[in-house]
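Here is a friendly briefing to read alongside the model. Please have the sequence and the 3D view open as you go.

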Amino acid sequence: GALTCSSCHGSALNPAPPVGTRGETLTTDRAVGAHQVHLSGGGVARAVPCTECHVVPTSTLHADGVVQVAFGGVAITGGAPAAWNGTSCTTSYCHGQFTGGNALNAPVWIGGSGQAACGSCHTIPPPAPHTPSTNCGACHTGYTSSTVNAATHVDGKIDVGSMTCSSCHGSAQNPAPPSGTHGETATSAVAVGAHQSHLAGGTVGKAVACSECHVVPSSLTHSNGIVELTWGTLATHGGAQPSFAVGTATCSNTYCHGNFVGGNPANAPIWTIVDGTQVACGSCHTIPPPAPHVANTSCGNCHTGYTAASVNAATHVDGHVDVGALTCSSCHGDPSRVPLAGADANVTAAPPVDTHGNAGVAARGVGAHAAHVNQATFRSAPLACAECHFGVVPPPGDTTHANRPVAFAFGALATNASWGGVTPAPTWDGTSCANTYCHGAFKNGANAAMTWAQDVTLTCTSCHGAPPGGGHPANVSCGNCHGSGYSATTVNSATHMNGQLDLTAMSCTSCHGDPSRVLVTGADANAKAAPPVDTTGATSSPAVGAHQAHLNRSGVTTPIACSECHPVPTSITHSNGTVDVVFGGRAVDGGAVPVYSAGTCSSTYCHGSYTGTYTYNVLDGLGNPVSTTYSYSGGAGTPMWSGAAMTCNSCHAMPPNNQVWHSGSHGYDASYNTCGLCHPDATGTISPGPTVTGAAITNPAQHVNGVVEVTPAVTSTCHYCH
């Protein structure tokens, strides 16, 4: 009949066995074998045409009993020397004879199973230069590590989709692992490690470019199984020479991780540790960095957006030091401080806060700064910075002085020598300052050594006594000499501690006496200056004593002049703490030699230290006047300066001694027994004994004046009395 190929073998579906030419139907029969597996296609490949293994006859005359195997098409792609040995085929392209394939694969024709599974003709993945990733679909559309796209598989060519870097490693987000080229996803794998920590950026820095660690390929042909590290401009900034140790998975000597001035050049972060500890603030440099960086942890003062535990990721690790507009208070001080009137322009820069961030006075960098530069208790204008940093106060904005040592030099006020001098020169030993004018190095000052780092409020007695010692008057009425605003506990800040002695228009009563005192007629012009009050402000003391009883009293004599006991000063510079007693005038009259000792004055004319003779006329038996002389003397009293009030017999006897008339034995007559009969300045009645009653001075100007005042008639005739 009409013959076809399937007349002898095959079936109505196709001419390939089964059935074989002898009626074979089992795959264990060589005539059947794997014919249908090839011709029908399946999970791993398209249908293979008969021409791949046979010369297809054009007539039915070929039946000669010989199986004619002649490989062609895909089987010999790439020059594969496909061969058939009656049991298996070898070295065919279809079963591994290609680059990266299993060239020794020899599938068994009869009864074989699993010989076309993924991994039988090539490994999964194929060996290098194929990437070792099992994510086959990344490059081959429709493929997995266990399935293929049968329409394109085993077609004589490598079917690759649109390739990108992330086809072999990385992800749709970026080409850096994960995944690695082996499909690694864990950060503990070196192929993954800290890739994303660098490329994604984070809290400590912006995203790092791939080129900082690798040469970025320009094609997909670079796959060679070798990780090519080549450091970029940021990693090598400043001459850094980075390296990566594969054995320990550490990179070292990179600018990014501390190889810069002030950084931690020994820092070698482990690539596979991605817990944040290796990029925390303080891992690449200390907080703060060492000198010459300022030792302040308030990073934001200089670096906008920074703190001691956070950074401005947009500017951090960018190859240069990002510093904002700096002022003195960027490193120390407080820019929000409100300066007092007259404060130094640099007052906001003075601690607190110091360059270490300390705010407490116990820190030497803080200490008493604010108490000097922004206070108005002892000065109307706070102290200038130059008083302690003379000649070394940087101009505003100059930050080049940050070199750690404190530039210290005393200024004009601290070294002031206009009043009393400063000996020796002021000193600073790191703990306290001494010998400064400001703290008492002046005449009568306390010259205190002030401890710097302590919370101490100064008082008037911190730098000098109240009142000062030495020759200063011991009077606490400070306003008498220094004007309004001064007392034992307050000062006039406008004039205090200004380098000079500020005094009002001084007079004697500024230190002692009473300017409001009303003087009696004839009183010394200086009587207002005599105590009370004394130089200590007291109204009852040895310094007060009998001053007013002498100077402003007119009972028994006219007021005594100051010069009778003291040299009267002509200026206010006489204050030396010593009472100068120098007797003069009336006190030494008649050759008296007065002495003042232990609150007692003695041998003064005023109090009885006098002697003399008196000449008078008496009538002889013929009635003729005869000149007669007699001697007299006082009582030589030794009054206590602060003692009881004087009486008539304090300085001489009553009646005075050694006088004929006073004795009461010469022509005594009750009609002529008054003191005033002979003395025009006195009154009183003499009685036998003799005694005097009613004694009084009627003319003080004639009493204690150095002259024995006797009525003239008494000296010329006896008839004055009888």
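Predicted model: local features only at pLDDT ≥ 70, side-chain atom pairs only at ≥ 80, totals over all residues.

Residues are numbered from 1 along each chain as its sequence is written, and side-chain values use heavy atoms, with hydrogens and water left out.

**Nonpolar core**
- The largest nonpolar core has 11 residues, among them Leu383, Phe410, Cys433, Met450 and Met497.
- Such a core is a set of buried Ala, Val, Leu, Ile, Met, Phe, Trp, Tyr and Cys residues joined through side-chain atoms within 4.5 Å.
- Met450 touches Thr431, Ser432, Cys433, His439 and Leu458, leaving aside residues up to four places away in sequence; contact means heavy atoms within 4.5 Å.

- Three strands form an open sheet in the order 5-6-7, with antiparallel pairing.
- Strand 5 (427-428) and strand 7 (450-451) are the edges, each with a single partner strand, so one side of each has no neighbour in the sheet.
- Strands are DSSP runs (E, at least two residues), numbered from the N terminus, and two of them pair if DSSP finds at least two bridges between them.
- Strand 5 is joined to strand 6 (residues 432-434) by two bridges, and Thr427 has Ala434 as its bridge partner in strand 6.

**Salt bridge**
- The count is one salt bridge, defined as a side-chain nitrogen of Lys or Arg within 4 Å of a carboxyl oxygen of Asp or Glu.
- Lys157 and Asp155 meet in a salt bridge through their side chains (3.3 Å, N to O).
- Lys157 counts as exposed at 52% relative accessibility, whereas Asp155 counts as buried at 18%.
- Buried means under 20% relative accessible area, exposed over 50% and partly exposed in between (1.4 Å probe, protein chains only).

Terms used: Helix = DSSP H or I, 4+ residues; strand = E, 2+ residues; numbered from the N terminus.
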